[in-house]
Every structure is written in structure tokens, then in C-alpha cells.
Amino acid sequence: MDSNAYTHPIIKGIPHKKMLPKGTALVLEGGGTRGFFSAGVFEAFMDEGIMFPYITSVSAGSANAFSYISGQPRRGRFIIENYVGDKRYVSYRNMIRHKSLFGYDFIFGTVPSKHVFFDWEVFNNTDTRFLIGAINCATGQTVWFDKHEISKDFRESIASCSVPLLARIVKHKGLELLDGGVSDPIPIEKSVADGNTFHVIVLTRNHGYEAQAFRHMRLIKLFYRKYPRLIEAIERRHEAYNRQLAICEQLVQEKKAIIIRPQLPVTVGRSTSDTVKLLALHDEGYVEGGRAIRIFDCFM
């Protein structure tokens, strides 16, 4: 390992000390840079050495889970402090130059290869099932990529993060893929179907949020006219979100789940690059993650 290859000192991953019982799942919503709330939650989990045997994720939920699985505390916060404000990370300039609001080559290529080391060794050796969901544009259904399928260029996570209209379709393994948050915005149904019995669900919206129908369907229908199933999924995305949220709330009532979500009003959007706001959201995630550990410890 060449420490001179990186802008910042290499911080190696720390193997997790405690694997939670089989059947315990971590379920991750996306949300663009709102996902840094989830990164804060993971920091609290890492401080306790806790790892889940099963993680299902979409969009930004998958992107932030990497540093958690690789056991690299403060990596997410460090990226906010040093890189999210960079126009290569998120900007309308990226839309003009690369047809994507987020600079995925920069986020998943330049940052981990030149600036902030990512510990693939600890990631690969962590014995957890990690699933990333992306929507298949041809079928309108979610395609799930397992941890052993994840490529070194993070292609699966890039596909899962690629929001319609704000990113290009990702071609991967003979499929055309976009944001997994379209078809499975809160991937609780996948977790239940895979046999998990207790779910720790990390959301990036406040309590009481209800998804609304997408307002730009005319543009969607024009832009994706070759993909009728994708159009249908986008048109019904708010229904999927509200259904899956209701399932989460019911599982909480049945004491089969807990929900971790922001308690302060969320003032950042999907593409916010304001470092101060994002650090505050991240640190709130850390507080809420620590509080949640004390709760779900009672169920273990």
C-alpha cells in the first residue's frame, strides 16, 4: 500500500467486534446527500463495533454503507468536510459536462483512489450479506447485487444512485439500470422476503413525511419513451414509498423493527452541498444511532 498515492493519511479499516444475531437486518433508504444522516448513524455503530449479518440498500444508502462495512470511522464525515463542496461532487456544471448532477467518476473513482483510502480488505472480509438494489429500466423491477458481485469501480452503487433525469442510464452486465429508490425506495419488503425477523430501518426523512406523485411525468414520458415499465415505476414510486413506510411502521408496532430517522427538521435536499448543514445532519445521525443501539440491544 503506497501512502503517497493519497492526499490524506491512510486510515485502515477496523474489523467489527460484534456481529448481531442472524435474522437481524439493516434496511437503508436513499436520499442523495441526505444520506449523510445514515453515515452518522453508522459512525455510532462502528464506535460500538456492531455489524449486521444482513444489509439491504438503495441509492445513497448503499454508497454510505461502504465505509461502515469497511470499518473506517469518520471516513464519511471526512468526505463531507473536504469534498462534498467541490463542484466535481455535485453541481449543475456536472449536468452540462457529464449529463449527471453528481460526479460519479469523482465520487467513486477519484476520491477513493487518490484522496480518501477505501479499505477493500476489511470490506471483503466482513461476513455480512450486503445487497444493492437498482431498477432494471426494461422491466421496472429491482435487480439486487450481492456483496461478492460488487466491482472495484462501485458500478452497482453508481447504478443504484443514478436518479432519473439527473443521471445517465448505467449499462452493466447486459442491463440498463437507474436509481433503486424508484422501485424499492425503502427496501423493507426485500428484507422480510429474505427471512429476517428484526429490522433496523434508517430513513432520511422526518416523521410524518408522505411521498407525493412525481410532478414532471410529461418529461419522464418523453425522455424514457423506450422504457414503458420504467415510466410506470416512476409514476407509482410515491405509492411504493408510502406502502413500504407503512410496512415499517407496522413492524415497529409489532416490535419487529425500530426506525432511526432525523428528529430535527431536515433542511437539506437531495443535492445539497452545504458543508455546515450536511455536517449537522451527519452528527444528528450519530446521536440517533447511539440512542437506537440502547433500544435494539434490548431485542438482541
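1. Contact here means heavy atoms within 4.5 Å. The structure is a predicted model, in which local features need pLDDT of at least 70 and side-chain atom pairs count only at pLDDT 80 or more, while totals for chains, interfaces and linings use all residues. Residues are numbered from 1 along each chain as its sequence is written, and side-chain values use heavy atoms, with hydrogens and water left out.

2. In helix H1 (residues 36-47), Phe 36, Ala 39, Phe 42, Phe 45 and Met 46 meet Asn 64, Ala 65, Ser 67 and Tyr 68 of H2. By class, this contact has 7 nonpolar, 2 polar and no charged residues (Ala, Val, Leu, Ile, Met, Phe, Trp, Tyr, Cys and Pro count as nonpolar, Asp, Glu, Lys and Arg as charged, and the others, Gly among them, as polar).

3. The axes of H1 and helix H2 (residues 60-69), which are lines fitted to C-alpha atoms over the stretch in contact, come within 9 Å and cross at roughly 20°. H1 is therefore roughly parallel to H2, a term for angles under 35 degrees.

4. The largest pocket holds about 890 Å³ of space. A pocket is an open set of points on a 1 Å grid where a 1.4 Å probe fits, with protein on both sides within 12 Å along at least five of seven lines, and its lining residues have an atom within 4 Å of a point.

5. The lining of the largest pocket comprises 31 residues, and Val 163, Arg 205, Phe 214, Arg 237 and Arg 270 lie nearest the centre of the pocket. By class, this lining has 16 nonpolar, 8 polar and 7 charged residues.

Key:
Axes are lines fitted to C-alpha atoms, for helices over the stretch in contact, and angles run from 0 to 180 degrees between N-to-C directions. Helices (H or I, at least four residues) and strands (E, at least two) are DSSP runs, numbered from the N terminus. Angles under 35 degrees count as roughly parallel, over 145 as roughly antiparallel, 65 to 115 as roughly perpendicular and the rest as oblique. Grid points are joined across faces, edges and corners, and a volume is the space filled by probe spheres set on the points.
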